[in-house]
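I opened my notebook for a short tour of this one. Here is the model I had on screen while I wrote.

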Amino acid sequence: WYDVIGMTVRGTSGGVQIGTNDNLCTNINVIGCSFLNQWFMGVQTRHGHNIVIKNNFFDNIRTRHTGNDAFGVYLTANTGNSNKDVLIESNRFRDIGGNGVQALDSNGEHINVTVRNNLHEISRPYIYRDYFGNEMYPPPEYKIVSAATDIVFDGANAITSDGAATGTDLSQFVVGDTLQISGTTSNNTNYGYNVTAVVSDSELTVYETTVSESPASCTIETFNGSHCGEVFIAIKRGPGPFLLEGNTIRNIRNTGANADATGANGAAMTCLLDAENVTFRNNRIINCNQGITSGNWNTNGLERNLVYEGNLILPGKGVDFPAAPIQKGIEVTQVVSARFENNTIIGEESGDRQLFRVAQMSHAIVRNNVMVSGTVIDLATQTYQSANVFNDVASVPASLVDAASLEDVELKLDESYAPLPGSPCLTGGVN
């Protein structure tokens, strides 16, 4: 085995890359490392087998470029390559601009991937931090994008690589909405540096840092620094299997305009495009706009082998910042079948949020679930259900009318009934 242990990476575009398009790497441990204030990703696996990513801290990883995601752990593989036997366990992800973990819909394969017992959260109230970890509130409203597509300037504090502001006012180099820099510093290096810009009262001040770009041509763009985070884990390609188990996800929101990731719906976990063989088990999802969503496939109507078991989805009650209303708890569409057992989904009091929705599905197995305060939509052709518990749920679908309610559950169940192991149905029968 090859070990990367206890390393700290700050203020770079990348941290650890495992494998390349032409080279397979095997038996790699990335353990106890910190990936801080980066602008693309912490760990990237392009062609790796037997990979352990454990007990690491991924913090403040943002591209600060509208529509460009950032990742804590990024799995991608070209045709003929694969990521196989990958364990992502007991890591902490905080303030990631896009995904904590993504299995990309590239042309390769992701085989036997386990994501277990991780914590992913967006700090609430969210306070923007720049590439050096400096807090800036209110967050910047503008950003500077250079001619080099891999360099983005975040409009934060005037800080150089050594933590000191140069005080160099380059506003005289602004032509219209473009910053054009030429000239040299005292060491004859072009002023086309990776700069950090401050926009205040419509005046632009730019301070040089360290990355050379000659000559520099930078455009001022609107930047919404107050939005961070898209989804904890996104599975976009198989064949799997994927086990997503025991993770805690907090405070995911819909992304706003001009954020790193645009158009995201605030789901904690999702599978889409070419994903298959995914099990969501015993995850805790708290104060997120959506819980677990599956759909938007490249090909509809396939048997994708999706299992949702023992997950707990809760609203943000009792928090000291604005709570997120649960728009959807679990949603699955356009697959042959799926299985839902032992999940608990609680919406807002007297709310009309969709706790559970299946559609364009041949058959669904729905057993031992608890759903409170919201709506339930079942558009599957055939639903096999037993012993689900509903409370304050408007218009339970006809396919689920034989399910138990909190009021009459004991009358509906015979003496042989018992919840499945690990069931959250504490009021659903014999325990």
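Is R129 buried or exposed? I looked this up before anything else, keeping in mind that the model is predicted. R129 comes out as buried, because its relative accessible area is 10%, and buried means under 20%.

**Entry: the partner of R129.** I then checked what the side chain of R129 meets, and I found a salt bridge with D95 at 2.9 Å, N to O. R129 belongs to strand 15 (residues 128–129) and D95 to strand 11 (residues 92–96), so I noted a link between distant parts of the chain, 34 residues apart. D95 is buried too, with a relative accessible area of 2%.

**Entry: the whole chain.** I stepped back for the totals. Of its 431 residues, 54% count as buried. I also looked at contacts with a separation of 6 or more, and 69% of them come from residues 24 or more positions apart. The accessible surface is about 17500 Å², with 46% of it on carbon and sulfur atoms.

Entry: My list for the structure has 16 salt bridges. One of them pairs the side chains of E245 and R281 at 3.8 Å, N to O. E245 sits in strand 25 (residues 242–245) and R281 in strand 28 (residues 278–281), so this pair ties together parts 36 residues apart in sequence. I noted E245 as buried at 18% relative accessible area, whereas R281 is partly exposed at 27%.

I looked at E309 and R339 next, whose side chains form a salt bridge of 3.3 Å, N to O. E309 counts as buried at 17% relative accessibility, and R339 is partly exposed at 27%.

**Entry: an asparagine in a loop.** Last, I went to N251, in the loop between strand 26 (248–250) and strand 27 (267–274). N251 is buried, with a relative accessible area of 8%. I asked what its side chain touches, and found a polar contact of 2.9 Å with the side chain of N287.

Definitions and conventions. Residues are numbered from 1 along each chain as its sequence is written. This is a predicted model: local features need pLDDT of at least 70, side-chain atom pairs count only at pLDDT 80 or more; totals for chains, interfaces and linings use all residues. Side-chain values use heavy atoms; hydrogens and water are left out. Buried means under 20% relative accessible area, exposed over 50%, partly exposed in between (1.4 Å probe, protein chains only). Contact means heavy atoms within 4.5 Å. Accessible areas come from the Shrake-Rupley method with a 1.4 Å probe; for residues, only the protein chains shown count as cover. Helices (H or I, at least four residues) and strands (E, at least two) are DSSP runs, numbered from the N terminus. A polar contact is a pair of N or O atoms within 3.5 Å; within protein, one must be able to donate a hydrogen and the other to accept it, and residues adjacent in sequence count only if both atoms are side-chain atoms. A salt bridge is a side-chain nitrogen of Lys or Arg within 4 Å of a carboxyl oxygen of Asp or Glu.
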